[in-house]
Structures are given as structure tokens and as C-alpha cells.
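Me: I'm new to this one. Could you walk me through it in plain words?

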Amino acid sequence: MDLHSTFPGVMDLKWRAKRRIPKFVWDYLDSGTGVEATKARNRKALDRIGFDPSILHGAIETNLSTSLLGQEFPAPFGAAPIGMSGLIWPGAEALLARAAAQAGIPYSLSTVASRSPEEIAPSLGPHAWFQLYPPKDPEIRQDVLNRAREAGFSTLVLTVDVPVASRRERQTRSGLTQPPKLTPRLLAQIAMRPAWAFEMTQEIAREGMPRMRTLDKYVPKQLNLPPTAHIGYLLRTSPDMDYVKWLRDQWDGPFIIKGVMRAQDSELLERAGVDALWVSNHAGRQFDGAPSSIEVLPAIRAATRLPLIFDSGVESGLDILRAIASGADFVMMGRAFQFALAALGPQGPAHLIDVLKQDMIANMGQIGAASLAELPPIRTLSDLD
Ligand SMILES: Cc1cc2nc3c(=O)[nH]c(=O)nc-3n(C[C@H](O)[C@H](O)[C@H](O)COP(=O)(O)O)c2cc1C
């Protein structure tokens with residue numbers, strides 16, 4: 001099958017993913033919180049950013065490469081951390097890590113992923129980022145860092161935009177619990193998705209039920225947890241600046257703070273010795289009163305010299321250009337990579353990477369920019385609605 005003619009854009013992967021995975025899994029992957037206004041705002045605000053088309057610039061040889069934190073990348077994007085991604089597609093973490101390694105782009109493993117750092121180690125490339133949800137217990141904290149370092153993760157990402165659990169009503173409505181409990185309702189949804197059910201049955205036979213395997217060793221066996229207990233939430237804390245400073249001292253590689261949305265936070269973080277800020281509203285999954293990530297990006301750019309990583313709502317090569325021209329040095333994507341996996345299995349991530357690169361090249365041709373450094377200033381487009 002020629003993937004480019006059947007799945008030319010992220011939307012095609014998204015639609016197929018929705019048809020291939022059970023409804024409760026789709027709702028886990030795609031839902032924002034509240035009435036999902038922030039999620040919609042992310043999209044709308046990106047669509048409002050444009051460039052003046054450039055004409056008569058002759059042929060352009062486009063170069064997508066960039067550098068971040070002293071490392072070179074052939075393209076300015078990578079895969080953001082996703083908790084329990086093994087629920088979205090079995091083996092998601094290894095498939096994504098391998099595709100990212102092959103493409104030379106970063107892959108981030110979540111603390112609450114369904115594979116542990118040790119399990120994923122053989123699939124990692126040189127740009128492996130470990131995302132930390134901050135364990136409360138100092139011994140667990142230290143142990144998780146050691147494990148990540150020993151498994152080959154060079155960069156540490158501390159996520160700070162989950163000070164409390166979010167409500168994510170759509171997900172609750174669809175009957176998903178943590179750990180997932182197979183109710184008749186969920187089983188009925190699974191029965192309608194044979195490809196996913198087939199892969200998942202094999203996964204469960206090999207590996208047991210999908211769970212947060214990094215945390216396995218910290219959960220006392222005798223602890224009788226209620227079926228709705230989220231191990232990740234039980235072990236984590238809401239970090240403060242002391243936590244950031246402590247981590248800075250412990251981690252000798254690049255250290256990134258994920259979930260920055262205010263310019264005034266950048267100065268404190270810069271002083272704490274952080275290496276980069278990750279501007280993100282978590283795809284609108286945490287706080288429905290937040291602005292879109294793209295609209296706060298220029299002010300954060302103006303407030304700091306630190307490199308800026310951006311995410312939330314990116315669905316195309318054009319979106320990547322919009323973020324870079326708005327002040328980002330690098331762009332990460334969460335859901336798009338999961339759509340690709342759910343739509344196409346092992347072939348998905350490499351196809352998505354290709355689609356994004358081709359879309360960047362096509363749009364840079366229209367803009368007349370041969371490299372990311374040549375992107376012109378953005379212009380605000382008029383609203384269509
Ligand atoms: C299903 C799902 C699970 C996520 N799990 C995590 C996580 O474990 N840790 C984290 O820092 N961010 C997590 N995120 C947020 C992503 O890393 C990223 O910030 C967000 O998805 C970017 O927006 P996008 O999906 O529109 O690209 C999750 C997002 C989704 C959709």
C-alpha cells in the first residue's frame with residue numbers, strides 16, 4: 001500500500017485510529033478536560049498564524065535541520081511522553097523509540113508509560129528523554145533517576161503542569177478506570193475493534209495487563225488498591241522550586257521543565273539552572289481555563305534566552321513552522337504519534353515523520369525559506385468563523 005496516497009496527512013491517521021481502537025481508548029487519547037475549550041483553542045490559535053506567501057524566489061533546496069541543547073537534529077520535532085501508551089497500541093513505546101532513533105529525532109518515555117526504562121533500553125537512539133512525574137519518596141526519586149540514566153536516557157524532563165489530577169470528564173464518562181477494569185461495557189467496545197483486540201490479546205498473553213511498569217517495583221504487593229487507584233498519582237507529588245533545584249543537582253545531562261505557560265516563571269527557572277523550557281498546556285488535558293500554548297509562546301520567548309520546546313495541538317508540518325516562527329526552537333507531538341501507531345501499527349511512526357517533513361518542505365517553498373533560520377515573521381490571519 002502506498003501510504004502517502006492513502007494517508008497523506010495527520011487527519012487521515014487520526015480518522016483511521018478512531019476506527020481501529022475501542023471507544024474508551026480513543027477517549028483516553030483524545031479528550032481534553034472540562035468542556036474541552038482549551039483543546040479547541042490550541043487548534044484555533046494555530047490556524048490563526050500565517051505567513052506572507054513569497055513568489056519569484058527561484059528553486060529552493062530546503063534544509064530542516066536544527067540544533068538543540070548542543071545536539072544536531074535532521075528535523076525540529078520529536079515524540080512527547082504519553083502515559084499508558086501500550087493501551088493505545090501494544091508495544092507503542094518500543095515502536096516509537098525505534099522509529100525516532102532511526103530518524104534521529106527525540107523520543108520521550110513517560111514515568112507512567114506501559115514500559116519501563118530497562119525494557120525500552122535496547123530500542124533507544126542517542127536522543128532519549130526521560131519524563132519524570134515527581135515521586136514523593138526521596139529513595140524512589142533517586143532510584144527512578146538512576147534507572148533512567150543507566151537505561152541510556154540522556155535528557156531529563158520534569159513535568160510540572162499536573163499539580164493535581166485533572167477531571168477529564170469525557171474519559172470518565174466512557175468508563176475507563178486506572179488500572180483498566182474490563183466491564184461488560186468496555187468488552188463490548190473492544191469486540192467492535194478486532195485488530196486492536198487481536199494485538200492486545202497477544203500482548204496480555206506475553207506481558208500481562210497493560211500497567212505502569214516503571215512503578216511496579218515501588219508498589220508494595222500487599223497494598224490492596226481500589227480498582228480506581230492510579231499508581232502514578234499515589235506515588236507523585238506537586239513539585240516546588242526546591243524540587244527543581246534538587247533535580248538539577250542530581251542530573252548531569254540536559255534538564256527540561258515541561259508545562260511552562262507564563263513568562264514570569266522563565267526567569268526563576270533560568271536561575272535554577274534549567275537548560276530548556278517546554279511550553280505546553282498538556283494538549284488541554286489539565287486545565288480548561290488555560291490559554292492556548294501558541295498564544296503564550298512569543299511572550300515567553302521575549303522573557304528568556306533558554307531554548308524553548310513547544311507542544312499542544314500540532315498536527316502538520318505547517319504547525320511546526322508556525323511554532324518555530326513564534327519563538328520555539330523545537331516542537332514535540334503527543335497525539336499525532338499515537339494516531340500513527342493506532343492507524344498503521346509498526347509502520348505508523350516512520351510514515352508520520354515522512355508526512356511531517358514533506359509538509360514542512362512544501363510550506364517552506366511557499367514561504368520562500370530554505371532553512372528554519374530563514375522563516376519570516378508570522379502574520380495574524382483573519383478568523384474564518
Ligand atoms: C494520552 C496522553 C497521555 C499523556 N501522558 C503524558 C505523560 O505521561 N507525561 C507528560 O508529561 N505528558 C503527557 N501527555 C502530554 C503530552 O506529552 C503532550 O504535552 C501533549 O500531548 C501535546 O499535545 P498534542 O497531543 O496535541 O501534540 C499526555 C498526552 C496524551 C494525549
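This is a predicted model: local features need pLDDT of at least 70, side-chain atom pairs count only at pLDDT 80 or more; totals for chains, interfaces and linings use all residues.

Me: What percentage of the 385 residues in the chain is buried?

Reply: Take that cut-off of 20 or more C-beta atoms within 10 Å. Applied to the 385 residues of the chain, it gives a buried share of 48%.

Me: How many helices and strands does the chain have?

Reply: Helices (H or I, at least four residues) and strands (E, at least two) are DSSP runs, numbered from the N terminus. On that basis, the chain comes to 18 helices and 12 strands.

Me: Which residues are buried in helix H2?

Reply: Helix H2 covers residues 10–20. Seen down its axis, the buried residues fall within an arc of 130 degrees, so they line one face of the helix; the arc is that of the directions from the helix axis to the C-beta atoms. What covers them includes H11, H17 and helix H18 (348–367). The buried ones are Val-10, Leu-13, Lys-14, Ala-17 and Arg-20.

Me: Is Pro-194 buried or exposed?

Reply: Pro-194 lies in helix H11, residues 194–207. Because Pro-194 has 10 other C-beta atoms within 10 Å, it counts as exposed.

Me: At what angle do the axes of helix H16 and H18 cross?

Reply: Two packed helices are described by the angle between their axes and the distance between the axes. Here axes are lines fitted to C-alpha atoms, for helices over the stretch in contact, and angles run from 0 to 180 degrees between N-to-C directions. Contact takes C-beta atoms, placed from the backbone, within 7 Å. The axes of H16 (residues 317–325) and H18 come within 7 Å and cross at roughly 65 degrees.

Me: Which residues are closest to the ligand?

Reply: A residue is near a molecule or strand if its C-beta atom, placed from the backbone, lies within 6 Å of it. Helix H3 (23–30) and helix H17 (335–344) each supply at least two residues of the shell around the ligand. Of the 23 residues that surround the ligand, the closest are Gly-83, Ser-110, Ala-283, Gly-334 and Arg-335.

Methods. Residues are numbered from 1 along each chain as its sequence is written. A residue is buried if 20 or more other C-beta atoms lie within 10 Å of its own, exposed if 12 or fewer, and partly exposed in between; C-beta atoms are placed from the backbone. Two residues are in contact if their C-beta atoms, placed from the backbone, lie within 7 Å.
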